[in-house]
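Subject: Structure for you to look at

Hello,

Here is the structure I said I would pass on. Please open it first, then read the notes below it.

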Amino acid sequence: MVYLLKFGASWILPPGLFIILLVVLTFYLSRLNFKLSLIVGFWTLIFYLMCTGLVADKTMGWLEQKYPPPTQADLKSADVIIMLGGGAIRDSQDVDGEGTLCASPANRLLTAVRLQKMLDMPILLSGGQVYSDSGAEALIALRILQTLNVPSEKILLETKSVNTTQNAIFSAQILREKNFHKPILVTSAFHMRRAVLNFQQQGFEVIPYPSDFLVPRDPKFHYTKLRPQVEALLLNVTVMQEVLRTTVTELFKL
């Protein structure tokens with residue numbers, strides 16, 4: 001009954017409500033202009049599929065599984081951990097002050113700090129303040145690491161970058177200054193391909209350590225995955241954005 005209620009509720013709220021309205025419009029147009037109704041019906045179907053977890057599991061899963069976790073031998077060959085920022089809130093209340101990381105970078109930080117504890121190597125926090133009302137990502141992450149008792153001498157900061165390209169450029173400068181050669185790169189699994197490419201363009205072959213997974217590795221079918229969801233639409237849009245940005249990076253080295 002719980003699943004059935006969720007399925008039904010999805011059709012009276014956006015985007016399900018919009019899909020129903022588009023279906024009604026398609027039937028109305030079929031009486032006036034059949035070709036136009038086919039076009040509207042086709043894009044309604046595409047929009048519906050983009051809003052389903054069934055499709056999002058496949059598209060996001062394809063993107064997230066590009067890089068498997070490295071082996072222990074790979075990790076032992078590294079000399080530094082790089083964690084990329086991905087959004088922060090400047091004035092939100094936190095346990096030990098103001099400013100918090102958004103969900104994705106918070107998950108990345110959890111992975112990075114566990115690696116740091118396990119490998120006892122420096123961690124480079126990369127990420128600046130993107131907007132006037134957003135948080136300084138590396139500085140907020142620094143405060144959290146200090147709360148988690150990571151030694152200050154094990155923490156490096158890169159605070160100027162506002163996108164992935166700049167993450168790689170400014171981090172590469174620090175890596176060269178500190179004589180690091182084999183970094184472990186921690187970022188969200190969906191973001192890893194583009195991040196690796198940017199670091200390659202700076203002359204560094206990183207060890208990818210994907211984190212912040214958004215879909216199961218082996219998703220199972222359930223009829224509720226056919227209901228329209230904003231979350232599923234967001235996952236599919238994220239995949240399209242990453243594919244587009246990665247393509248641009250490969251073609252224009254941006």
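A residue is called buried here when its relative accessible area is under 20%. With that cut-off, helix 9 (residues 192-201) is mostly covered, as seven of its 10 residues are buried. Please keep in mind that this is a predicted model.

Overall picture

The protein has 10 helices and seven strands. Of its 254 residues, 44% count as buried. Its C-alpha atoms fill a box of roughly 70 × 45 × 40 Å, taken along the principal axes. Among the contacts with a separation of 6 or more, 72% are between residues 24 or more positions apart.

Five strands form an open sheet in the order 5-4-1-6-7, and their pairing is parallel. Strand 5 (155-158) and strand 7 are the edge strands; each has a single partner strand, so one side of each is left without a neighbour in the sheet. From one strand to the next, the twist averages 25 degrees.

Strand 1 (80-84) is joined to strand 6 by four bridges, and to strand 4 by four bridges. M83 has L125 of strand 4 as its bridge partner. Strand 6 is also joined to strand 7, here by five bridges, and S188 stands opposite S211 in strand 7.

How much of strand 1 is buried? Five of its five residues are, so strand 1 is largely enclosed by the rest of the structure. In a regular strand the side chains alternate between the two faces of the sheet. Here V80, I82 and L84 point one way, while I81 and M83 point the other way.

Helix 7 (137-147) lies across strand 4 and strand 5, and runs at about 165 degrees to strand 5. Helix 9 lies across strand 1, strand 6 and strand 7, at about 145 degrees to strand 6.

Which residues of helix 9 are buried? They are M192, R194, A195, V196, L197, N198 and F199. These buried residues pack against strand 1, helix 8 (164-177), strand 6 (183-188), strand 7 (207-211) and helix 10. Just after helix 9, G203 takes a positive phi of about 90 degrees.

In soluble globular proteins, nonpolar side chains tend to be buried together. The largest nonpolar core in this model has 24 residues, and I81, L125, L145 and I184 touch the most other members. Strand 1, helix 6 (103-119), strand 4 (123-126), helix 7 and strand 6 are the elements that give two or more residues to this core. A second, separate core has 17 residues, including V80, L156, A168 and M192.

Leaving out residues up to four places away in sequence, L125 touches M83, L109, A138, A141, L142, L145, I155, L156, L157 and E158.

The largest pocket

The largest pocket has a volume of about 1000 Å³. It is lined by 44 residues, and the closest to its centre are G86, R108, F190, E242 and R245. Helix 4 (53-64), helix 6, helix 8 and helix 10 each supply at least two residues of the lining. Which helix gives the most to the lining? Helix 10 does, with 10 residues.

T238 is in helix 10 (residues 230-252). Is T238 buried or exposed? Its relative accessible area is 14%, and the cut-off for buried is under 20%, so T238 counts as buried. Leaving out residues up to four places away in sequence, T238 touches M60 and F190. F190 is also one of the residues closest to the centre of the largest pocket.

Start with strand 1, which is largely enclosed by the rest of the structure. Then turn to helix 9, which lies across strand 1, strand 6 and strand 7. Finish with helix 10, which gives the most to the lining of the largest pocket.

Regards

Conventions: Residues numbered from 1 in each chain as written. Predicted model: local features only at pLDDT ≥ 70, side-chain atom pairs only at ≥ 80, totals over all residues. Heavy atoms only, no water. Buried < 20%, exposed > 50% of the residue type's maximum accessible area, 1.4 Å probe, protein only. Contact = heavy atoms within 4.5 Å. Core = buried A, V, L, I, M, F, W, Y, C linked by side-chain atoms within 4.5 Å. Pairing = 2+ DSSP bridges. Axes fitted to C-alpha atoms, helices over the stretch in contact; angles between N-to-C directions. 1 Å grid on protein atoms, 1.4 Å probe; cavity = no way out; pocket = protein on both sides within 12 Å on 5 of 7 lines; lining within 4 Å. Points joined across faces, edges and corners; volume = space filled by probe spheres on them.
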